[in-house]
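Dear colleague,

I am passing on the structure we spoke about, with the sequence alongside it. Below it you will find some notes, which begin with a single residue and then widen to its surroundings.

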Amino acid sequence: MNSNTSFKVDWRGREECFSVNTFNTTIGTLKEMLSNRVGVPKESFTIIGFASLEVQTEYKTLSQMGVTQGSNLVMVETPAQLSHRGQASNHSMYKFKVKISGMEHDLVFPANNYVSQVKSYVESQHSIPVAQQRWKGWPPGTSDSLEIRDIVLETPFHRLKVTQRQPIP
């Protein structure tokens, strides 16, 4: 009996497939495997899309983070200039609590991501086309072309809600 769990990690539209024992494999180990495959230093990216609400640390196992058969995660590069110490006034990552189809999801995005990337992520993970997404909770004046860092958001997390409107025939 194979105790490995198969899942995918998306990076810039490229899918990396993994089959590992999620009870023994940590986030740190997964980041190291990803780093070796795509050539990006593990310190310069994070992984998003975990089902668990647990705080992400290098030592958490993938099973603790809710990785199951067929899970889809996303590798997101973090901007190097925001990860330096001494820049505490700049948030390098923004946390959202997004209610989608009646379930609340914790999502984390780098400050340099655009609102359009948040919407594309929701499409890729929840099969709601961007054109059919109806959002509540973005501050007035928010557009898809704005970087997250340029929007005034609630801390420690910002609440959003997404519903799907029916396509116009």
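The residue to look at is W135, which sits in strand β7. Please keep in mind throughout that this is a predicted model.

With a relative accessibility of 15%, W135 falls under the 20% cut-off and therefore counts as buried. Leaving aside residues up to four places away in sequence, W135 is in contact with V98, V118, K119, V122, L160, K161 and V162. One of these, V98, is 37 residues away along the chain, and yet the C-alpha atoms of V98 and W135 are separated by 9.7 Å.

As for the strand itself, β7 belongs to an open sheet of 4 strands, which are arranged in the order β6-β5-β8-β7 with mixed pairing. Strands β6 (103-110) and β7 (133-136) form the edges of this sheet, each of them pairing on one side only, and from one strand to the next the twist averages 30°. The partner of β7 is β8 (residues 158-164), and these two strands run antiparallel, joined over 4 bridges; within β8, K161 is the bridge partner of K136.

Finally, there is a helix to consider: α3 (residues 115-126) lies across β5 (93-100), β6, β7 and β8, and its direction makes an angle of about 125° with β7.

Key: Residues are numbered from 1 along each chain as its sequence is written. This is a predicted model: local features need pLDDT of at least 70, side-chain atom pairs count only at pLDDT 80 or more; totals for chains, interfaces and linings use all residues. Side-chain values use heavy atoms; hydrogens and water are left out. Two strands pair if DSSP finds at least two bridges between them. Axes are lines fitted to C-alpha atoms, for helices over the stretch in contact, and angles run from 0 to 180 degrees between N-to-C directions. Contact means heavy atoms within 4.5 Å. Buried means under 20% relative accessible area, exposed over 50%, partly exposed in between (1.4 Å probe, protein chains only).
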